[in-house]
Amino acid sequence: MNKILIVIFIIFGLQTDWLNETKKSISETDENAVLIDSKIAEEKEGKSTTTEYKAGESKKIKVEFTHTELMDIELNFYEKNGFILGEIIRGKNALLYKRKRLENEPYATLVDSRTYFKTETEGIKFIRKMNIYETDETNDVRKKLNKLEFETTNLNGEDYIRLKEKFDRITKSEK
């Protein structure tokens, strides 16, 4: 029984080590990043701004989407030596319905998501979100969201591929 507990603590400790290192690397990138490029794409109901930062071997791509009152979201990608370390998403994302939205249904979701990868086959995602209704004040919903615990999901190689494809679509569309 003691051997099993020791193995569990070792595995948990190893996961905590790489996760803390990844968070530290992302934090250092945020602190030391220098602006490289910024592009604004105007659309009739909003705009998107893509900003690229560099800090040594690390790169940060920040994408901000602002479209009407329905969407105001920020995506941050962190890359080091061609490997995507993580993605942090915060903001309001519009909900799309295939039919007319009913009065008692939410029009958007407030999201706080943090994805980290150790390798191309191992990662973890922390997410919390709340629906926003017509009568809600966004700042009040944000305060409630910040009090929620994150849901945790272990990620695999397919998740990394999807994140890499998303990253490539965003960075290629801006060139």
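Predicted model: local features only at pLDDT ≥ 70, side-chain atom pairs only at ≥ 80, totals over all residues.

Reader: Is S25 buried or exposed?

Author: Buried. S25 has a relative accessible area of 12%, and the cut-off for buried is under 20%.

Reader: What does S25 touch, leaving aside neighbours within four places in sequence?

Author: S25 is in contact with S58, K80 and L85.

Reader: Switching to charge. Which residues make up the patch of negative charge on the surface?

Author: D17, E21, E28 and E31 gather there.

Reader: Where does E28 sit?

Author: In helix α1, which covers residues 2–32. E28 is partly exposed, at 37% relative accessible area.

Reader: Which loop holds N81?

Author: The one between β4 (71–80) and β5 (83–94).

Reader: And why does N81 count as exposed?

Author: Because its relative accessibility is 57%, and exposed means over 50%.

Reader: Last one, I161. Which helix is I161 in?

Author: Helix α3, residues 157–173. I161 counts as partly exposed, at 48% relative accessibility.

Reader: How far apart are the C-alpha atoms of I161 and E120?

Author: They are separated by 7.8 Å. Along the chain, I161 and E120 are 41 residues apart.

Definitions and conventions:
Residues numbered from 1 in each chain as written. Heavy atoms only, no water. Patch = residues over 30% accessible without salt bridge, like charges linked within 9 Å, V, L, I, M, F, W, Y side chains within 5 Å. Areas by Shrake-Rupley, 256 points an atom, 1.4 Å probe, with all protein chains shown as cover. Salt bridge = Lys/Arg side-chain N within 4 Å of Asp/Glu carboxyl O. Lys, Arg positive; Asp, Glu negative; His and termini not counted. Charge placed at Lys NZ, Arg CZ, Asp CG, Glu CD. Helix = DSSP H or I, 4+ residues; strand = E, 2+ residues; numbered from the N terminus. Buried < 20%, exposed > 50% of the residue type's maximum accessible area, 1.4 Å probe, protein only. Contact = heavy atoms within 4.5 Å.
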